[in-house]
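Biologist: I should like to go through this model with you. Could you take my questions one at a time?

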Amino acid sequence: MQSRTAVVILLPCPYCGPRNASEFRYVGELATRPDPNATGAGEWRAFLYMRDNPVGWTTETWYHRAGCRQHLTVERNTVTNEVWASRLPDAQLRGRRDERATGGNVADDSGGATY
Ligand SMILES: [Zn+2]
């Protein structure tokens with residue numbers, strides 16, 4: 001019988017430090033929400049459902065559900081699960097009503113960590 005080795009993936013949270021990925025919820029690839037007053041149905045459909053799903057480095061949003069309950073932006077390699085950097089979402093996004101509705105960030109721009 002072969003023994004299996006458990007793989008632990010660590011995600012660096014700007015507030016909590018490196019934590020097991022099981023504490024987080026994957027939100028998705030980082031995408032900029034289009035202006036609802038200037039966007040057609042095709043663009044909305046693309047924003048909601050179309051993903052690049054790249055092989056290699058990508059920028060994603062994660063939610064630390066079992067920790068500080070904050071959203072963070074992570075640059076992760078989808079093949080090796082290496083994490084190059086994590087930071088708080090951009091200040092431009094934090095002011096939006098939709099992000100406040102999900103319990104978005106309350107911290108200022110100084111948050112973030114590079115590993
Ligand atoms: Zn955290």
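Modeller: The conversation below covers confidence, fold, core, strand pairing and some individual residues.

Biologist: What are the ground rules for this model?

Modeller: It is a predicted model, in which local features need pLDDT of at least 70 and side-chain atom pairs count only at pLDDT 80 or more, while totals for chains, interfaces and linings use all residues. Residues are numbered from 1 along each chain as its sequence is written.

Biologist: What is the mean pLDDT of the chain?

Modeller: The mean pLDDT is 80, and 76% of the residues reach 70 or more; pLDDT is the predictor's confidence in each residue, from 0 to 100. Over residues 91–115 the pLDDT is below 50, and this stretch has 28 contacts in the model beyond near neighbours in sequence. Two residues are in contact if their C-beta atoms, placed from the backbone, lie within 7 Å.

Biologist: Why does a low pLDDT matter to a reader?

Modeller: Where pLDDT is low, the predicted coordinates should not be read in detail.

Biologist: Turning to the fold, how many helices and strands are there?

Modeller: The chain has three helices and seven strands, in the sequence order β-β-β-α-β-β-β-α-α-β. Helices (H or I, at least four residues) and strands (E, at least two) are DSSP runs, numbered from the N terminus.

Biologist: And what share of contacts joins residues at least 24 apart?

Modeller: The share is 53%, taken among contacts between residues at least 6 apart in sequence.

Biologist: How much of the chain is buried?

Modeller: Of the 115 residues, 11% count as buried. A residue is buried if 20 or more other C-beta atoms lie within 10 Å of its own, exposed if 12 or fewer, and partly exposed in between, with C-beta atoms placed from the backbone.

Biologist: Which residues make up the largest nonpolar core?

Modeller: That core has six residues, namely L11, C13, W62, L72, V74 and L88. Two or more of its residues come from each of β1 (10–13) and β5 (71–77). A nonpolar core here is a set of buried Ala, Val, Leu, Ile, Met, Phe, Trp, Tyr and Cys residues joined through C-beta atoms within 7 Å. As background, nonpolar side chains tend to be buried together in soluble globular proteins.

Biologist: Which strand does β4 join, and how do they run?

Modeller: Strand β4 (residues 57–63) is joined to β5 by seven bridges, and the two run antiparallel. Two strands pair if DSSP finds at least two bridges between them. Within this pairing, T59 stands opposite E75.

Biologist: What about β5 and β6?

Modeller: These strands also pair in the antiparallel sense, over four bridges. R76 stands opposite V83 in β6, and V74 stands opposite S86 in β6. The hairpin of β5 and β6 has five residues between the strands.

Biologist: Is T59 buried, exposed or partly exposed, and which residues does it touch?

Modeller: T59, in strand β4, is partly exposed because 14 other C-beta atoms lie within 10 Å. Not counting residues up to four places away in sequence, T59 touches L30, T73 and E75.

Biologist: You mentioned L30; where is it?

Modeller: L30 is in the loop between β3 (25–29) and α1 (41–49). L30 counts as partly exposed because it has 15 C-beta neighbours inside 10 Å. Leaving out residues up to four places away in sequence, L30 touches T59, E60, T61 and T73. L30 and V74 are 44 residues apart in sequence, and their C-alpha atoms are 9.0 Å apart.

Biologist: Changing topic, which residue of the β5 and β6 hairpin takes a positive phi?

Modeller: N81 takes a positive phi near 60° there, although N81 is not a glycine. N81 is exposed because it has 12 other C-beta atoms within 10 Å. R69, in the loop between β4 and β5, likewise has a positive phi of about 60° and is not a glycine. R69 counts as exposed because it has 10 C-beta neighbours inside 10 Å.

Biologist: Lastly, where is D90?

Modeller: D90 lies in the loop between β6 (83–87) and α2 (91–94). With 13 C-beta neighbours inside 10 Å, D90 counts as partly exposed. The C-alpha atoms of D90 and T73 are separated by 8.5 Å, and the two are 17 residues apart along the chain.
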